[in-house]
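Please view the sequence and the structure first, and then read the notes grouped by topic below.

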Amino acid sequence: MERVLERLERLFALGGGTGANRPGLSRAEQEAHDLVAAWMAEDGLAVSVDPVGNLVGRLPGTRPELPEVWTGSHLDSVPDGGRYDGALGVVGGLEAVGRAAAAGALERTLAVIAFRDEEGSRFGRGLFGSRALCGRLATDDLEQCDAAGVSVREALAALGLPPPDPAGCLERAPAAFVECHVEQGVVLAARGAPLGVATAIVGVARGWAEFSGLARHAGTTPMDARDDALVAAAEFVLRLRDAARAVEGAVATGGRIEVEPGAVNVVPGRARVSVDVRAPDRGRLDAVLTAVPEAHVHVTDPVPLAPGPTGALRQAIADAGLPVEELASGAGHDAMVLAAAGVPTGLLFVRSLADGASHCPEEETSAEDVALAVEVLAGALGRLAGV
Ligand SMILES: [Zn+2]
């Protein structure tokens, strides 16, 4: 397990600064890909780069004609990110593939994949490598620019990569994809469980609620003669919270508020609150939304995870003598893109410490939990790849 921790540390140090600094489609992300490619070769995997720049290492099975079994995650990071986000799924995946193959000859080829630009903190969208692979880029994705005015198209060119084919490049879909990722939350820690299996990737409803009132003099308008838009918005935020509290597994956030005219001595005439509601299935998402009819939202449907890989993870967790904990994934991850594209997908969560801190240098997961994750991932990959 030393090797996994050492490799995570090397990736963490790579971009300089106080945390992980490997922005998507940057030089630092490329260095991470080069480093992992060298480790893949060192571990005996056949290394290749797909047409959109994702790194793939393969350990051939005894029946290479069968669809492959994949694991992996991403190597880019947010600015000053943590050690484990993304990197654990690639480095731990590499370790697990080696271990699964060492346990006996497997029929299916095992592959570790490192997707490009998952975070989206540079260009704003994210999940680039997995979406480009699955043919799910939006028409204007390549024209998105970073803070320096560099577009995705230009960043790809600087890395020697051509613009992706809109149809994607998934010539032969894998039989299964299993992503291992740190939870980035507090659910597993609260349950005292090192690992958890995701049941679904939550659906997200995002939009705004707008309130209009009458902008009047703050000194001369009596309290009973006011129509205060911000007070209406504040009541809405409380209702939004209560609506989510009433539905198990749902969360709701009013993360941004805009007030007009926005002066200390004027009763607010207009207020706008952002709305972000998430729930594991459409029924629960709708149950929250029904309680807040003022919210105008765009809904991205929940993505169910597949019984095959999810069952293999459950079995491997039980084999390790651990409780089989289930939870919905509140974040997207590359797994969401592959699942939505029809690849049977599973998602293994590893307990986050430090109050679930993530996207910051304090992100923490114990060495023991990393070791358990590798053991369980190896077990699940072995089951999926077949003896
Ligand atoms: Zn991640």
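This is a predicted model: local features need pLDDT of at least 70, side-chain atom pairs count only at pLDDT 80 or more; totals for chains, interfaces and linings use all residues.

Is the crossing of H1 and H3 left-handed or right-handed? The crossing of these two helices is right-handed.

**Helices H1 and H3**

- Helix H1 covers residues 2–14 and helix H3 covers residues 87–102; they pack at an angle of about 145°, and their axes are 10 Å apart.
- On the H1 side, the contact is made by Arg3, Val4, Arg7, Leu8 and Leu11, which meet Ala87, Leu88, Val91, Gly92 and Glu95 of H3.
- By type, the residues of this contact between H1 and H3 comprise six nonpolar, one polar and three charged.
- H3 is mostly covered, since 14 of its 16 residues are buried.
- From its first C-alpha to its last, H3 reaches 23 Å, close to the 22 Å expected at 1.5 Å a residue.
- Just after H3, Gly104 takes a positive phi of about 155°.

**Helix H7**

- Helix H7 runs through residues 229–245, and its 17 residues should span 24 Å at 1.5 Å a residue; the end C-alpha atoms are 24 Å apart, which agrees.
- Ala229, Ala233, Phe236, Leu240 and Ala244 are the buried residues of H7.
- Seen down the axis of H7, these buried residues fall within an arc of 65°, so they line one face of the helix.
- Glu235, Leu238 and Arg245 are exposed on the other side of H7.

**Helix H8**

- In H8, the buried residues are Arg284, Leu285, Val288 and Leu289.
- Around the axis they cover an arc of only 140°, and therefore they lie on the same side of H8.
- Gly283 and Thr290, on the other side of H8, are exposed.
- Among the elements that cover the buried residues of H8 are E7, H7, E8, E10 and strand E11 (295–300).

**Backbone features in loops**

- Most residues other than glycine have a negative phi, and most peptide bonds are trans.
- Leu25 has a positive phi of about 60° although it is not a glycine; Leu25 is located in the loop between H1 and helix H2 (27–42).
- Leu25 counts as buried because it has 23 C-beta neighbours inside 10 Å, and the cut-off for a buried residue is 20 or more.
- Ala354, which is not a glycine either, has a positive phi of about 55°; Ala354 belongs to the loop between strand E14 (345–350) and helix H11 (367–385).
- Ala354 counts as partly exposed, because 14 C-beta neighbours lie inside 10 Å.
- The peptide bond from Glu260 to Pro261 is cis, with omega near 0°, and Pro261 lies in the loop between E9 and E10.

**Selected residues and distances**

- Phe177 is part of strand E5 (residues 176–182).
- Phe177 is buried, because 28 other C-beta atoms lie within 10 Å.
- Leaving aside residues up to four places away in sequence, Phe177 touches Trp70, Ala335, Leu338, Val343 and Thr345.
- Phe177 and Ala316 are 139 residues apart in sequence, and their C-alpha atoms are 15 Å apart in space.
- Arg191 lies in helix H6 (residues 187–191) and counts as partly exposed, with 13 C-beta neighbours inside 10 Å.
- Arg191 and Pro323 are 132 residues apart along the chain, and their C-alpha atoms are separated by 10.0 Å.
- Met223 occurs in the loop between E7 and H7, where it is exposed, with 7 other C-beta atoms within 10 Å.
- Met223 and Arg245 are 22 residues apart in sequence, while the distance from C-alpha to C-alpha is 31 Å.

Conventions. Residues are numbered from 1 along each chain as its sequence is written. Helices (H or I, at least four residues) and strands (E, at least two) are DSSP runs, numbered from the N terminus. The expected span of a helix is 1.5 Å times one less than its number of residues. A residue is buried if 20 or more other C-beta atoms lie within 10 Å of its own, exposed if 12 or fewer, and partly exposed in between; C-beta atoms are placed from the backbone. The arc is that of the directions from the helix axis to the C-beta atoms. Two residues are in contact if their C-beta atoms, placed from the backbone, lie within 7 Å. Axes are lines fitted to C-alpha atoms, for helices over the stretch in contact, and angles run from 0 to 180 degrees between N-to-C directions. A crossing is left-handed if the near helix is turned anticlockwise from the far one by less than a right angle, and right-handed if clockwise. Ala, Val, Leu, Ile, Met, Phe, Trp, Tyr, Cys and Pro count as nonpolar, Asp, Glu, Lys and Arg as charged, and the others, Gly among them, as polar.
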